[in-house]
Amino acid sequence: MLDKLKEIETTALAALEKVQDESALEAWRVTYLGRSSALMNLFGALGALSKEERPRLGQAANQVKKALEAAFADRAAALKAAALQRSLAGERLDVTLPGRPLPRGRLHPDTQTLREIYRVFGEMGFQVYRAREVETDEYNYQLLNFPIGHPARDMQDTYFLEAEGRGDNPLLLRTHTSPGQIRSMREFSAMNPADPPPVRIILPGMCYRYEQVTTRHETQFDQVEGLAVGPGITFSDLKGTLADFARRMFGQSVRTRFRASHFPFTEPSAEFDVECFLCGGTGCGVCKGAGWLEIGGCGMVHPVVLQNGGYDPARYTGFAFGLGPQRIAMLRHRIEDIRYFWQNDLRFLEQF
Ligand code: PHE
């Protein structure tokens with residue numbers, strides 16, 4: 001019986017050597033350690049042995065069983081490790097390969113110009129104040145001295161959103177950033193009605209007009225309004241502020257000029273021109289031979305507008321201006337057509 005045990009062990013271990021995968025290993029386990037294996041049958045036969053022989057053979061059989069189980073476990077571990085090695089080698093990730101370049105976004109040329117304008121006015125102490133794009137007739141016109149039927153309204157016709165039931169105060173898309181003058185002054189003066197604080201803000205944002213679309217006119221465009229209100233502000237403060245803005249924006253040597261104009265909400269009023277830096281003032285295609293380029297309107301805040309904002313015109317004066325950032329961007333980058341701004345053509349946008 002001992003010989004038989006020895007033989008079982010030898011053949012089982014030899015067979016195990018040849019096992020190369022998990023299913024063969026399982027088959028081996030059934031054959032050599034399973035319930036009907038030769039080894040298990042031998043355990044069954046132990047009962048028929050004499051009392052003297054039984055412990056010795058029982059012990060020997062147990063040793064063989066332990067040895068086979070240990071060999072089985074080793075083989076299983078070795079197969080597992082080999083499988084892992086195979087999959088590591090087969091699915092290798094080459095981390096030295098350079099990544100695919102991500103397309104980088106960029107800021108719209110209009111946004112870039114706006115940020116430059118915020119920076120320049122920020123250095124001069126102006127805060128950015130945001131007002132709404134959907135306005136009422138009252139704020140867009142009436143409180144700015146354009147009464148119903150005023151001829152100056154013809155220059156700024158717009159898109160009306162809701163008129164029914166609103167009488168003389170329909171909802172509309174604002175035609176300029178100037179209604180923000182009233183909104184900001186009302187907010188500031190409400191803080192201390194008896195002694196309202198000074199105002200020094202810029203109001204950027206989109207405006208809308210019913211326009212014949214051309215290379216220089218669009219139905220939607222940005223404006224940057226400026227507003228300074230306080231005791232003793234004069235027209236020379238306005239001139240100095242805008243001239244300084246132009247120098248910081250376009251360079252120290254740029255020349256500027258003011259031309260008399262009219263706006264219902266400023267008195268006196270002016271247009272603000274910058275020397276054409278393409279031709280240096282001699283006249284070219286961009287400035288249409290004038291040597292100057294208009295970049296905005298301005299003036300001293302009308303007393304009625306101050307009053308409407310909660311500022312007593314007997315104690316306060318102020319100036320206001322409205323700049324066209326797209327015009328400024330067109331000048332800086334020599335963009336010939338304002339329509340490029342909102343066409344979302346990457347061939348245009350990727351140049352900035
Ligand atoms: N709101 C005027 C326009 O759109 C510009 C302007 C602003 C003029 C402030 C004077 C003062 O034409």
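A: Residues are sorted by class here: Ala, Val, Leu, Ile, Met, Phe, Trp, Tyr, Cys and Pro count as nonpolar, Asp, Glu, Lys and Arg as charged, and the others, Gly among them, as polar. This is a predicted model, in which local features need pLDDT of at least 70, side-chain atom pairs count only at pLDDT 80 or more, and totals for chains, interfaces and linings use all residues. Residues are numbered from 1 along each chain as its sequence is written, and side-chain values use heavy atoms, with hydrogens and water left out.
Q: OK, by class, what's in the lining of the largest pocket?
A: The lining has 13 nonpolar, 15 polar and nine charged residues. A pocket here is an open set of points on a 1 Å grid over the protein atoms alone, where a 1.4 Å probe fits, with protein on both sides within 12 Å along at least five of seven lines, and lining residues have an atom within 4 Å of a point.
Q: And what's the volume of the largest pocket?
A: About 820 Å³, where volume is the space filled by probe spheres set on the points, and grid points are joined across faces, edges and corners.
Q: Which residues lie nearest its centre?
A: Of the 37 lining residues, Arg209, Gln223, Phe263, Glu294 and Gly297 lie nearest the centre of the largest pocket.
Q: Which strand gives the most to that lining?
A: That is β9, with six residues; strands (E, at least two residues) and helices (H or I, at least four) are DSSP runs, numbered from the N terminus.
Q: Switching topic, how do α2 and α4 pack?
A: Helix α2 (residues 22-33) and helix α4 (residues 53-90) pack at about 175°, with axes 11 Å apart. Axes are lines fitted to C-alpha atoms, for helices over the stretch in contact, and angles run from 0 to 180 degrees between N-to-C directions. The two are therefore roughly antiparallel, a label for angles over 145 degrees.
Q: Which residues of α2 make the contact?
A: Glu22, Leu25, Trp28, Arg29, Tyr32 and Leu33 do so, contact meaning heavy atoms within 4.5 Å.
Q: Where is the cis peptide bond?
A: It joins Glu267 and Pro268, with omega about -5°, and Pro268 is found in strand β8.

Conventions:
Angles under 35 degrees count as roughly parallel, over 145 as roughly antiparallel, 65 to 115 as roughly perpendicular and the rest as oblique.
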